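Subject: Structure handover

Hi,

Here is the structure for you to look at. My notes follow below.

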Amino acid sequence: MPVQIDIPGADAQGRVFLTWTPVQATARLVGGTATGPVNVSLSSAGTVGGLVFDTVRSSQGAATLQLALPGNGQPTTFWIAGEFQKPSSAYGDAVVQAKDTTGNVVGSKAVMVRIRKNAQTLPAPERDRYLAALGTLNAQGQGAYKDFRDMHTAASNFEMHGNMGFLPWHRAYVLDLERALQAIDATVAVPYWRFDKGAAALFTQDFMGQSDANANVVFRPGHALEHWVTDSRLGITRGFNFPVGGPAHVISEFDTFALGEPGDVFAGFHDMEGDPHGNAHTSFTRISPISQVPLAVRDPLFFMLHANVDRLWAKWQWVKHRENSTDASAYAPPSPPRIGHNLGDTMWPWNGITGRPRPPTAPGGRFPTTVVTPAPGQTPKVQDMFDHLGVVSTNSLGYAYDDVPFELPPTVVAGGP
Ligand SMILES: [Cu+2]
């Protein structure tokens with residue numbers, strides 16, 4: 001008897017994109033006339049992407065799950081998530097399979113475990129899909145990349161820099177771009193540039209381009225970014241202050257996490273806006289747009305740099321259990337006080353608010369929605385950006401990193417007798 005597997009969050013083509021965050025799904029017998037329950041076993045049967053299952057929302061999903069499906073066709077719920085460290089490479093390389101007690105396959109559903117990965121080791125097909133989507137978004141200067149460019153300028157500097165909202169704002173910004181890319185190719189996730197390690201593969205003619213002696217970025221002919229245009233300028237200028245095969249002039253990931261000490265508090269961790277973040281930008285020469293805040297987004301490398309900044313925050317949050325925005329150690333009041341940096345403030349430009357102290361324009365419109373999750377909503381607040389995997393809230397932000405797992409926080413044991 002066939003088994004139908006339904007996973008919420010399917011797009012218009014019926015495709016389902018998962019991360020490490022468990023999603024509640026159902027399985028049911030189709031056309032059932034069986035009198036009693038039918039025992040089936042769910043398992044992961046993909047070629048690349050792995051899946052795990054559980055009967056409850058947990059961090060301990062297993063490779064298989066036994067279900068007793070009612071004979072009358074009533075759905076049975078279960079939880080499904082991507083198996084940590086087994087992300088997909090392409091759509092459909094992760095498969096949930098239902099087998100009956102004799103081992104016959106009675107149902108299956110192909111999905112994708114869509115994860116942000118390290119750019120240095122990104123497989124070429126994923127790299128090329130990312131670049132193609134980015135090139136389409138730019139459309140030789142005529143596409144929506146222009147909005148992203150116009151969001152990050154001298155006029156908007158204090159919405160997003162020099163204060164506590166730096167990390168939440170840039171988390172929203174990278175996610176906004178990622179959702180715009182996914183509207184072009186849903187299988188794309190923004191890779192991150194791990195700037196405290198060598199990333200020679202990133203700075204090649206096949207990927208983000210190779211810089212010539214004049215700091216002009218060169219692509220191989222036919223590359224998706226070959227006709228990159230921002231601010232009516234063709235091409236990208238990027239000169240290096242560090243050996244191309246080595247790390248940028250930044251502190252290590254380990255030392256970045258130590259910024260929160262003592263106490264693993266956000267007020268300390270936030271210092272990462274300077275080093276490694278600012279230092280990653282200024283690891284490029286003065287004539288490189290990426291080295292200057294008002295011009296940085298001219299270089300699309302910006303978003304891979306910031307995916308790594310966001311990954312560092314996400315990883316720190318996971319290791320230190322700092323995903324809950326109401327936890328006093330997970331955030332800090334803006335200093336100096338400024339609107340846009342308090343937990344309950346809406347963030348520009350997605351709130352559409354213009355005029356002092358906000359910038360004169362709000363490019364790009366509301367925050368884009370996705371079928372994958374209702375979060376963070378079309379007018380996100382600072383507090384909506386803390387829990388990217390949904391470990392303390394109901395909803396994740398719909399993305400994940402290859403080295404930051406979904407782990408429920410330790411249960412607080414009530415006081416003794
Ligand atoms: Cu910025």
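How much space lies in the largest pocket? About 320 Å³. A pocket here is an open set of points on a 1 Å grid over the protein atoms alone, where a 1.4 Å probe fits, with protein on both sides within 12 Å along at least five of seven lines. Points are joined across faces, edges and corners, and the volume is the space filled by probe spheres set on them.

First, the ground rules. This is a predicted model, with local features needing pLDDT of at least 70 and side-chain atom pairs pLDDT 80 or more, while totals for chains, interfaces and linings use all residues. Numbering starts from 1 along each chain as its sequence is written, and side-chain values use heavy atoms, with hydrogens and water left out.

Back to the largest pocket. Strand 2 (17-18) and strand 3 (23-29) each give at least two lining residues. Strands are DSSP runs of E, at least two residues; helices are runs of H or I, at least four; both are numbered from the N terminus. The lining splits into 9 nonpolar, 9 polar and 1 charged. Asp, Glu, Lys and Arg count as charged; Ala, Val, Leu, Ile, Met, Phe, Trp, Tyr, Cys and Pro as nonpolar; the others, Gly among them, as polar.

The second largest pocket has a volume of about 260 Å³. Its lining has 17 residues, with Arg-179, Gln-182, Ala-183, Ala-186 and Thr-370 nearest the centre. Helix 4 (residues 166-184) gives the most, 5 residues. By class, this lining has 8 nonpolar, 4 polar and 5 charged residues.

Next, the metal. His-152, His-161 and His-170 coordinate the copper ion, each through NE2, at 2.0 to 2.1 Å. Donors are N, O and S atoms within 2.8 Å of the metal (3.2 Å for Na, K and Ca); water is not among the atoms, so sites may look incomplete. The donor spacing in sequence is H-x8-H-x8-H. His-152 and His-161 are buried, meaning under 20% relative accessible area with a 1.4 Å probe, protein chains only.

Pairing takes at least two DSSP bridges. Strand 3 and strand 7 (residues 76-82) run antiparallel, joined by 5 bridges. Thr-26 stands opposite Thr-77 in strand 7.

Best wishes

Note on methods
Buried < 20%, exposed > 50% of the residue type's maximum accessible area, 1.4 Å probe, protein only. 1 Å grid on protein atoms, 1.4 Å probe; cavity = no way out; pocket = protein on both sides within 12 Å on 5 of 7 lines; lining within 4 Å.
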